[in-house]
Amino acid sequence: MSENRENEKQGVAFGCPNSCIDCGVFNCGRQDKKYPDFCLTTGLTKEEYEELEELYHDPINQRIAVASAEVEGAFYQQLTRVEETMEFAKRIGAKKLGIASCVGLIQESKLLAKILRLNGFEVYGAACKVGAMKKTETVGLDEAYTCQTGNVMCNPIAQAKLLAKQGVDLNIMMGLCCGHDSLFLKYAKGPTTVLVVKDRVLGNNPVQALYQASAYYKRLLMDPKQREEYEKKKEEADRRIAEAEKKD
């Protein structure tokens, strides 16, 4: 069975309509095969194409799309993400850059600011704890959830508004929490790019869990019942190891 047919069956098995993630052809990019029956490309209507073209003809959208394609085409597999960010910023005419940083990555953000300033950019940063607002008071969080992380809340809305107040030309996200990044994007003004995605277990490299999903992180591919059985076995193994350690 072809890869495409296997992917199609997977989507159906989970009761989901097939989409790009169930495709094994990718003719949209390669243009060397036949589109699958469920292809989103062939499913676009004339009106949708016209709307998309109109949106890309917007001067700001066009400038961003062109700059991104130029950086990809001119420096493919040559520049780091930090360097690509600077090159992209230059090509869209961004001179003042705003860094929305997690406090846990403030040293990395300071280093980034130094690099950006050395390359001629003006930099302004807002850390996630700005405003020192309390989780229990502001959003009504149960105090139990503050035992490990403290009661001062991450404040992505304030970060977005403060950077907008400074009139930054481009926002750069540095490791905001999952969910807090959503709020920042909701309230950010102007274009935003991501330099660091937070993963507290994998050194801010979340894709590593996908690379190891068939090995060290195989629990990710378990359904709830399998996951429960796996956790029970793990708890039993941990208990036995703890007992053995006491004997030693």
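# Terms and cut-offs

Colleague: Why does D238 count as partly exposed?
Modeller: D238 has a relative accessibility of 38%. Buried means under 20% relative accessible area, exposed over 50%, and partly exposed in between (1.4 Å probe, protein chains only). The value for D238 falls in between, so D238 is partly exposed.

Colleague: What is the basis of these values?
Modeller: This is a predicted model, in which local features need pLDDT of at least 70 and side-chain atom pairs count only at pLDDT 80 or more, while totals for chains, interfaces and linings use all residues. Residues are numbered from 1 along each chain as its sequence is written, and side-chain values use heavy atoms, with hydrogens and water left out.

Colleague: How do you know that K234 and D238 form a salt bridge?
Modeller: Their closest N and O atoms are 3.2 Å apart. A salt bridge needs a side-chain nitrogen of Lys or Arg within 4 Å of a carboxyl oxygen of Asp or Glu. The pair passes, so the name applies. Both residues sit in helix α12, 4 residues apart, about one helical turn. K234 is partly exposed at 40%. Elsewhere, salt bridges with shared partners join E70, E87 and R91 into one network.

Colleague: What makes E87 and R91 a salt bridge?
Modeller: N to O is 2.9 Å, which is within the cut-off, so the pair counts. E87 and R91 are 4 residues apart in helix α6 (residues 81-91). An α-helix has 3.6 residues a turn, so residues three or four places apart point the same way.

Colleague: Is E87 buried or exposed, and how do you know?
Modeller: Buried, because its relative accessible area is 19%, under the limit. R91 has 33% and counts as partly exposed.

Colleague: How many salt bridges does the rule give?
Modeller: The count is 10. One of them pairs R227 with E231 at 3.3 Å. R227 is partly exposed at 31%, and so is E231 at 28%.

Colleague: Why is α5 called a helix, and how does its span compare with the expected one?
Modeller: Helices are DSSP runs of H or I with at least four residues, numbered from the N terminus. α5 (residues 59-74) has 16 residues. The expected span is 1.5 Å times one less than the number of residues. α5 reaches 22 Å from first C-alpha to last, close to the expected 22 Å.

Colleague: What caps the N-terminal end of α5?
Modeller: D58 does, with a side-chain oxygen 3.1 Å from the backbone nitrogen of I60. A polar contact is a pair of N or O atoms within 3.5 Å; within protein, one must be able to donate a hydrogen and the other to accept it, and residues adjacent in sequence count only if both atoms are side-chain atoms. The D58 distance is within that limit.

Note on methods. Helices (H or I, at least four residues) and strands (E, at least two) are DSSP runs, numbered from the N terminus.
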